[in-house]
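Hi there,

Here is the structure I promised to pass on. Please open it alongside this email, and I'll walk you through what turned up.

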Amino acid sequence: MITLTNPILTGFYPDPSVVQVGTDYYLVNSTFSYFPGIPVFHSKDLKNWKQISNVIDRATQMDFMGEKLTRGLFAPAISYHNGTFYVTCTDIDHDGNFIVTAKNPAGPWSNPVRVPQVRGIDPSLYFDDDNKAYIVYNSDAPDRKPLYSGHRTIRIYELDPATLKVVGEEKQLVNGGVDLSKKPVWIEAPHIMKRNGWYYLYAAEGGTSVNHTEVVFRSKSVWGPFVPYENNPVLTQMGLPEDRKNPVTSAGHAQFVDGPDGKTYAIFLAVRPYEGDYYNTGRETFIAPVEWKNDWPVINPGSKEIKYEYTARYTEAKQKDALPQAGNFDYTLTFEKSLDPSFLFMRTIDSSSFSLSRSSGLTMKLKPETVMETGNPSFIGKRQQHLYCTAETEIAFSARSEKEKAGLTILQDESHFYFLAKSMEKGKPVIQLYKAGADPKTMEVLAQLPLSDQSRPVKLRITAAGDAYSFYFSTGSKWELLKDKVDAKFLSTQVAGGFIGCLFGMYATSSGEQADNSASFKYLRYSGNDPVFKSMSH
């Protein structure tokens, strides 16, 4: 027996796509304008996942300079055929739809090949039994004349898997969604699978927020006509009691995969709000069993409510040296030889701006760029993976001017963050807490305390407790509170908008001026402690 714990990937891991190759499973997620782009996870049991690579890990493949953090790469899909792995994705503002390939999912991945005829988002490949390949995607309304806001279509092209070029004409498979008369919105994230002679086209509907659903159609031909399931949607959390405990909401964007037991499972995105529609952890990756009823797939058939645990009859396969991803966990990341592949930079990587060593850890040069702009500041972030958690580091840094600041930030986007910084005020060292300002590219001071000794390392700590963050520092053996119960809703998706989740970031800036100073971070310790996981069986 195995217990699958939801989310299987906690924190900002949206838009999951999964493929099975023999006894191995590989999963990818969206990363928007963070770099490296599109993490690749490996599992043997759909429960224990280890990140083995990033698809976009070279600045020469793609960068996102000048783009907002919530732009960049939308909704990748992973597939496999005859010894080659394929990832399709949309670079929303520049390259449009593209395909990358690899013989080994641990990399290296190829440079992106653009597919300009595929107009839209969320491309996904399907390989049929006769070795023909197809690319299916979300596109414009017919003749680009939408009947209402959110009116989209699902379309398909044949694709030559050798040249990665489209073949022949595009065909429309779905107009609007399940029932055009009901004005369905945002039919997207389509996938095709084949079972018992039926082609299944399934997709998300309703947008990626609280009205999110998964719907399914089927046909005897890959070209359609596709008939919708009479009991759609096959997954949603709409219509459940608002006051339910530990709610999971916004579920959709699913992909089906056969488990080690031969049964079908759905991997999909959903969110865990701490109140109403407020969450800071972004959209996370979940799993639920699928039951086939009269040749239709029904996700989570036992109850409408997504569970935090499912049991299955197959054996667990733990991953060697993998960071934990599900339930409560804690670990300390050090910076002796390499950065963990889960660390995120903004938009590109500037290898000249940081170094790693056993003695001083991660040393980051202060750059003039700030997190409030759309460049590449000295910032290296780790996802906030729990509603209740702590991130902590020790920093060695001496500011030489009031513009020089280094420390720990909790960041949602360019204009929604808090920054716990060591700096200088009137020639004296200080600890400061900043909040992103009401005007772009400004910060306001929420709290400040003097430091007695400029040369001593300082420990910094940020704790999250649902709708509040608290900020601490320490120059000796005990922690001092700088400010507690700071509004966390300011960093929620509900307030900030966009599609990303919060990151704890190590950050060093000279605020628009050139500097030759640097800051060293000894470690990054993370500890997640969500009440919902405490009572569960692991």
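**Backbone and a buried lysine**

Asn300 sits in the loop between β23 (296–299) and β24 (309–312). Do bear in mind as you read that this is a predicted model.

Asn300 has a positive phi of about 55 degrees, although it is not a glycine. Most residues other than glycine have a negative phi. Asn300 is also buried, because its relative accessible area is 5%, and the cut-off for buried is under 20%.

Leu46 also has a positive phi, near 65 degrees. You'll find Leu46 in the loop between β5 (37–43) and β6 (50–56), and at 0% relative accessibility Leu46 counts as buried.

Next, two cis peptide bonds. One runs from Asn6 to Pro7, with omega near -10 degrees, and Pro7 belongs to the loop between β1 (2–5) and β2 (17–21). Another runs from Asn232 to Pro233, with omega near 0 degrees; Pro233 is in the loop between β18 (227–228) and β19 (235–236).

Finally, have a look at Lys382, in strand β29 (residues 378–383). Leaving aside residues up to four places away in sequence, Lys382 touches Tyr331, Phe343, Leu503, Phe504, Leu524 and Tyr526.

Technical notes: Residues numbered from 1 in each chain as written. Predicted model: local features only at pLDDT ≥ 70, side-chain atom pairs only at ≥ 80, totals over all residues. Heavy atoms only, no water. Helix = DSSP H or I, 4+ residues; strand = E, 2+ residues; numbered from the N terminus. Contact = heavy atoms within 4.5 Å. Buried < 20%, exposed > 50% of the residue type's maximum accessible area, 1.4 Å probe, protein only.
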